[in-house]
Amino acid sequence: MGSASVDLFAPVKMGKFHLSHRVVLAPMTRCRAIGELPNPAHVHYYSQRTTEGGLLLTEGNLISNTAAGFPNTPGIYTEQQVEAWKKVVDAVHAKGGIVFCQLWHVGRASHQDYQPDGAAPISSTNQIISNKFITLLPDDTWGGFSKPRALETAEVREVVEQYRQAAVNSIRAGFDGVEIHGAHGYLIDQFLKDSINDRTDVYGGSTDNRCRFLLEILRAVIAELGMDRVGLRISPAIDHNDATDPDPFNLGVAIIERVNKLQSEFGSKLAYLHVTEPRFTATGVKKYGEDEEEEARLMRAWRKAYNGMFLASGGYTKELGMKAVIDGDADLISYGRLFISNPDLVHRFRIDAQLNAYHRETFYTSDPVIGYTDYPFLDGKDMESARP
């Protein structure tokens, strides 16, 4: 259990980084990167949400030209993208913030319209995502997913290399570290989840084999960056994009045990393990109280199993985040929707101020201002714009 003296606003050391509080900007797709390049709107958006000693996680960055599944998402696999991100990172650092780049490949959660030459999206499997889920297409309409192509064994190793290079590129862009996105039904999760991974090679079948892809990525990235510049996001119990597993509890434990073993081998710890609450859904969150006991059991067991900094996300309010930290159920809490609509969220939390409401219809538009950088600060001023 935690201590009442440790709450959302208590400082904490995350590896070599000294955080002044525990409110983290969650990684969120925002669809503002025209041509896969961050632009001045990104500089403004991330700078608005920076606090001295605060941790920011970027939206998912494409690791290759096959990684996209949403329009106008940024990448970190070309020199032009690296140079563009430098401006964002510099703005965050100028205000004393710490920023990690999330590395992303959507796998089968894509459409052939996003793929080079209209090819099939790549995945662990040939199984298509069901029509229960839809995706935002390049023409800003919503539609179904394309049938994927299962990677050949040798191709899996090539994707591991893409993650490694994207991590190197992130550090070259000035990022403090990277988060490997292994959650929410995207490529890594497609290897982890037993309902999706139907492979018969060394990457399928047993739990060891299904974890192999993730562990190879971790090893490759850690070898380049070191443990304390690497975070990992997982969501064993989330069914987004048909990503289900018959035993999510033990899948989570299995991943964590292997990460713990890797940490022992390297003699240091990841920056953090980022786990999404089971109550999170693609369209919002379940009403708190639904399956609350089961959700708490899963998260507490994974938190107890993990030997390191535990970052929780998924539908947290200030009160729920405070309780999780005080009770010792998490070290850090990441906020998404509340941070979208409240660039000064940390300040509002500190003084118990009223929060701006978010507007879901503007989450995934390409407008560089509306729904992106136009949410007001508590004092009515945009502190970044007010700078001389």
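This is a predicted model: local features need pLDDT of at least 70, side-chain atom pairs count only at pLDDT 80 or more; totals for chains, interfaces and linings use all residues.
1. The largest nonpolar core has 98 residues. Phe213, Leu218 and Tyr335 have the most contacts inside it. Helix 5 gives the most to this core, with 10 residues. A second, separate core has 14 residues, among them Met14, Leu55, Leu57 and Tyr272. As background, nonpolar side chains tend to be buried together in soluble globular proteins.

2. What does Leu218 touch, leaving aside its neighbours within four places in sequence? Its contacts are Ile180, Val230, Leu232, Val259, Leu262 and Leu270.

3. Helix 3 deserves a look. It covers residues 153-172, 20 residues in total. From first C-alpha to last it reaches 30 Å, close to the expected 28 Å. Gly174 follows helix 3 and has a positive phi, near 100 degrees.

4. Which residues of helix 3 are buried? The list includes Val156, Val159, Val160 and Tyr163. Arg164, Asn169 and Ser170 are on it too. The buried residues of helix 3 pack against helix 2, helix 4 and helix 5. They also pack against strands 5, 6 and 10.

5. Now the charged pairs. The count comes to 16 salt bridges. One of them joins Glu79 and Arg172, with the closest N and O atoms 2.6 Å apart. Glu79 lies in helix 2 and Arg172 in helix 3, so the pair ties together parts 93 residues apart in sequence. Glu79 is partly exposed, at 43% relative accessibility. Arg172 is partly exposed as well, at 39%.

6. Is the pair of Asp331 and Arg303 buried or exposed? Asp331 is buried, at 15% relative accessibility, and Arg303 is buried, at 16%. Their salt bridge has its closest N and O atoms 2.8 Å apart. Asp331 sits in the loop between helix 8 and strand 16, and Arg303 in helix 7, 28 residues apart.

7. Asp352 and Lys318 form another salt bridge, with the closest N and O atoms 2.3 Å apart. Asp352 is in the segment after helix 10, while Lys318 is in helix 8. The two are 34 residues apart. Asp352 counts as exposed, at 59% relative accessibility. Lys318 is buried, at 12%.

8. Some salt bridges share partners. In this way Glu161, Arg164 and Glu224 join into one network. Arg164 is also among the buried residues of helix 3.

9. Last, the surface. Ile134, Trp142 and Tyr364 form a nonpolar patch there. Together they have about 320 Å² of accessible area. Trp142 lies in strand 8 and is partly exposed, with a relative accessible area of 48%.

Definitions and conventions. Residues are numbered from 1 along each chain as its sequence is written. Side-chain values use heavy atoms; hydrogens and water are left out. Helices (H or I, at least four residues) and strands (E, at least two) are DSSP runs, numbered from the N terminus. The expected span of a helix is 1.5 Å times one less than its number of residues. Buried means under 20% relative accessible area, exposed over 50%, partly exposed in between (1.4 Å probe, protein chains only). Contact means heavy atoms within 4.5 Å. Patches are made of residues with over 30% relative accessible area and no salt bridge: like charges are joined within 9 Å, nonpolar side chains (Val, Leu, Ile, Met, Phe, Trp, Tyr) within 5 Å. Accessible areas come from the Shrake-Rupley method with a 1.4 Å probe; for residues, only the protein chains shown count as cover. A salt bridge is a side-chain nitrogen of Lys or Arg within 4 Å of a carboxyl oxygen of Asp or Glu. A nonpolar core is a set of buried Ala, Val, Leu, Ile, Met, Phe, Trp, Tyr and Cys residues joined through side-chain atoms within 4.5 Å.
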